[in-house]
Amino acid sequence: MKGTHVMAAQLIERKGNTVTVQFTVELTGQMLNDEQALQQSLNEAGQVAMAPMIKQFDTNGEPIRVDGVKHTVKNYAPQTYETPYGPVQVERHTYQTCKGGRAYVPLETDARMILNSTPRYSQMVSGKYARFGADAICEDLLECNGRTISRNYAKKLSDFVGSVAQCYETEWAYDLPVFDRPVASVSLGLDGTCILMHEDGWREAMCGSIAFYDAQGERLHTIYCAATPEYGKEQFREKFSREIERVQEAFPDVVYVGVADGAPDNWIFLKTYTQRCILDFYHAREYISKAGSAIFGSDKSNRDAWVDDWSHRLKHTQGTAGRFLKELDIRRSQLDRRNFIERDEELRKVIVYYTNNKCRMVYPKHLKQNLPIGSGVTEAACKIVIKQRMCISGSRWKEDGASCVLALRTLKLTTGRWQQFWKYVMRHGATLS
């Protein structure tokens with residue numbers, strides 16, 4: 001296919017802080033070709049403009065001090081940097097102390113280069129890597145930006161950004177958004193979901209959510225937290241606790257509600273940070289369904305009516321959990337001999353579950369106060385934070401790579417944090433300490 005003729009971009013003038021670049025595109029009347037030619041010209045113009053933009057961060061070659069130690073120029077040589085528009089080569093000074101040791105490049109430090117990429121390019125690539133795999137990044141950048149990138153470099157650059165996010169997660173405190181309505185309650189939830197690890201097979205990764213609600217029970221904002229599989233969950237709990245404590249410093253007087261399934265260790269953790277803990281209503285309803293199946297078997301009509309009736313009562317009538325336990329005792333005593341052992345055991349499990357969690361089934365009280373009664377936010381977090389990215393077909397993860405991706409995803413999915421993270425990078429740099 002004959003392409004549109006494109007004139008190379010040229011630097012027309014650099015005056016003070018102003019750079020003027022010129023390019024010409026010849027129109028052919030074939031829209032797609034012309035658009036592609038324009039993208040190519042824009043990239044060429046970007047490369048031309050990026051050279052002085054990068055060069056402005058270099059020194060004049062004079063001696064400098066780094067952390068109080070004198071450095072002098074070791075050499076002055078060209079280096080290629082990756083930008084959103086393409087690779088750009090500039091000459092820059094490299095420094096060293098009189099004792100030798102590690103080289104120091106002021107241009108790269110002051111321009112906030114990450115590996116050999118500009119901040120914006122690093123932001124683009126790692127943001128895409130948070131959403132999909134390296135092969136998809138290569139296709140996306142080529143189609144949308146006319147940029148080629150190797151899958152290995154896309155992964156390497158993104159992993160580095162993710163490592164920076166983890167390195168400073170205890171130091172870089174992210175601001176909450178300004179809400180247009182007062183926060184009345186905050187729900188805390190945690191749950192696990194499995195991902196395929198390279199050596200250990202399927203393991204449980206943890207996900208936490210901190211959801212903010214107004215007085216009418218409308219959700220205003222959600223903070224996501226996640227951690228790779230570990231034995232004991234201590235790293236996740238430490239990370240999640242840090243997030244919760246920062247929120248409680250900002251909102252000390254609102255109601256904190258812990259919402260989770262019936263796992264005992266969830267309640268042990270949530271009790272520390274909440275005034276109330278409530279069992280996820282849909283887990284409670286699921287156990288009503290299990291009891292209905294044990295009682296009515298294949299009698300679908302009576303079973304469904306019984307399940308709906310008790311579910312409605314549990315949700316809207318105080319004290320239903322205790323009455324339901326009495327109902328189960330009666331039904332258990334009336335079981336016929338058909339599959340008696342299996343049905344009796346199923347009812348016994350439901351009785352144990354309700355007995356252990358009866359104090360956390362105050363759904364009518366919570367509904368009247370517009371407080372959450374479901375862990376849907378947390379279960380959705382498991383899907384969007386972990387499953388959608390970590391369980392892409394063919395994915396198998398090593399610990400370091402998985403932790404980097406989860407760090408990127410929680411930043412991207414928690415509204416406002418991705419932008420704040422890059423402001424920190426521009427302020428403090430992106431070195432791993």
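How do the residues of the lining of the largest pocket divide into nonpolar, polar and charged? They divide into 10 nonpolar, 4 polar and 4 charged, where Ala, Val, Leu, Ile, Met, Phe, Trp, Tyr, Cys and Pro count as nonpolar, Asp, Glu, Lys and Arg as charged, and the others, Gly among them, as polar.

## Basis

This is a predicted model, in which local features need pLDDT of at least 70 and side-chain atom pairs count only at pLDDT 80 or more, while totals for chains, interfaces and linings use all residues. Residues are numbered from 1 along each chain as its sequence is written, and side-chain values use heavy atoms, with hydrogens and water left out.

## Pockets

The largest pocket holds about 680 Å³ of space. A pocket is an open set of points on a 1 Å grid over the protein atoms alone, with protein on both sides within 12 Å along at least five of seven lines; a cavity is a set of points where a 1.4 Å probe fits but cannot get out, and lining residues have an atom within 4 Å of a point. Grid points are joined across faces, edges and corners, and a volume is the space filled by probe spheres set on the points. Of the 18 lining residues of the largest pocket, Arg102, Tyr104, Glu108, Thr109 and Thr431 lie nearest its centre. Strand 6 (100-104) and helix 2 (106-110) each give two or more residues to this lining, and strand 6 gives the most, with 3. Helices (H or I, at least four residues) and strands (E, at least two) are DSSP runs, numbered from the N terminus.

The second largest pocket holds about 380 Å³. Tyr129, Arg151, Lys155, Arg396 and Trp397 are the closest to its centre among 17 lining residues. Helix 4 (134-145), helix 5 (151-167) and helix 14 each give two or more residues to the lining, with the most, 3 residues, from helix 4. By class, the lining of this pocket has 6 nonpolar, 5 polar and 6 charged residues.

## Cavities

There are 2 cavities of 30 Å³ or more. The largest cavity holds about 230 Å³, and Glu169, Lys239, Glu243, Thr410 and Arg417 are the closest to its centre of the 15 residues that line it. Helix 6 supplies the largest share of this lining, 4 residues. The lining of the largest cavity divides into 7 nonpolar, 2 polar and 6 charged residues.

The second largest cavity holds about 50 Å³. Its lining has 3 nonpolar, 6 polar and no charged residues. Strand 7 gives the most to this lining, with 3 residues; Val377 and Thr378 also line the cavity.

Val377 and Thr378 are among the buried residues of helix 13, buried meaning under 20% relative accessible area with a 1.4 Å probe and protein chains only. Helix 13 has a kink of about 30 degrees centred on Lys383, the bend being the angle between axes fitted to the seven residues ending there and the seven starting there. The buried residues of helix 13 pack against helix 3 (119-131), strand 7 (185-197), strand 8 (201-213), strand 9 (219-227) and helix 14 (399-413), with contact meaning heavy atoms within 4.5 Å.

Helix 14 is largely enclosed by the rest of the structure, because 11 of its 15 residues are buried. Thr410 is one of these buried residues. The buried residues of helix 14 pack against helix 3, helix 5, strand 9, helix 13 and helix 15 (417-428).

Methods:
Buried < 20%, exposed > 50% of the residue type's maximum accessible area, 1.4 Å probe, protein only.
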